Amino acid sequence: MACPVVPALPHQMFHRVGAAPHQMMTRKLPTPAPAPLPPEETRLSDFEWIGDLGAGGFARVSKMRHRRTGEVFALKMSNDADPKREKEAEVLRRAAGSPHVVACHALLRGPGGEPGCVLELMDAGSLGDVLRRRRGRGGLPEQALAEAAAHCTVGLAQLHSRGVAHLDVKPDNFLASSRGEIKIGDFNTSRILYGGAGGELPLVVPLTTGTRCYFSPERFTPGARAGPHGAMAADVWSLGVTVLELFLGRFAFARGLSAAALELAICHSGPLRVPEEADASAELREFVAACLQREPARRATAKQLLVHPFLMRRDIQVSRRALREIIVDSL
């Protein structure tokens, strides 16, 4: 399917068990990172092109080497100098230091004044790429899925804790490395919900941009807008669809659905859940169900999901190794 871009309350199902994955909110993984770029102003001419990584409607991403240090980065250059493109840099500044949000090492300008971000290179592409490379082999085994879901949830919770709604959560926007790390990236549609530049406190933000097959039901309302809680709840729905797709190894909806049929499936058909016939644990089923509540107020928050049994009860060493093997084997 081509996706056009444009009972009890869930938290009552959660209880604290075993290790605490919410500690990942502040923990930095002991993995190698590029050395800091020189403190002087960074210029486009400081880099040499290695290859293209991807392109979209807003920007293009290239693999680049810093001439002086030899370090390799992902350079994301906006397609134009529209001031709206500056918002992504503001989101990256706000999220700086979050272990599961892609790191920005420097900002620069192109020859036409278009903004660019020098980002850490996640060398395995996205989780969407991992699924595509595994085509025919199904979704992720639950041990690997639990680790991937933990990384995704922590990244989203870190953004929300900094007052940011992503608003385009999907497998293609969770970036993977051969070290087994997953980090959230691509903030073209993200919104700062409070404490923005100039002390502005927007009460509502538009919800109609993003990728429609990851939209929550309320986002199909024409001109849909929401305050901070509603915008973050929309992200949690998209996280649930993402985890479901990683489990299934395919889109959560049938291919070829029209826009109207997609809206009907999301808003009016039976609840979107892990299929009954699937070999899935009760914890995974409950995690997905907690995300995919049609009423935003009934959805779990990202912070609540951090202590969900699906994440808390995993064997961290086993699941971490399983995820890394899945990623490396797909390369």
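Me: What should I know about the model before starting?
Reply: This is a predicted model, in which local features need pLDDT of at least 70 and side-chain atom pairs count only at pLDDT 80 or more, while totals for chains, interfaces and linings use all residues. Residues are numbered from 1 along each chain as its sequence is written, and side-chain values use heavy atoms, with hydrogens and water left out.

Me: How many helices and strands does the chain have?
Reply: The chain has nine helices and 11 strands; these are DSSP runs numbered from the N terminus, helices being H or I with at least four residues and strands E with at least two.

Me: Is α4 buried or exposed?
Reply: Because 18 of its 21 residues are buried, α4 is largely enclosed by the rest of the structure. Buried means under 20% relative accessible area, exposed over 50%, and partly exposed in between, with a 1.4 Å probe and protein chains only.

Me: Now the contact with α6. Which residues of α4 take part?
Reply: V236, W237, G240, V243, L244 and F247 of α4 meet L284, F287, V288 and C291 of α6, where contact means heavy atoms within 4.5 Å.

Me: How many of those are nonpolar?
Reply: Nine are nonpolar, one is polar and none is charged. Ala, Val, Leu, Ile, Met, Phe, Trp, Tyr, Cys and Pro count as nonpolar, Asp, Glu, Lys and Arg as charged, and the others, Gly among them, as polar.

Me: What comes just after α4?
Reply: G249 is found there, with a positive phi of about 80°.
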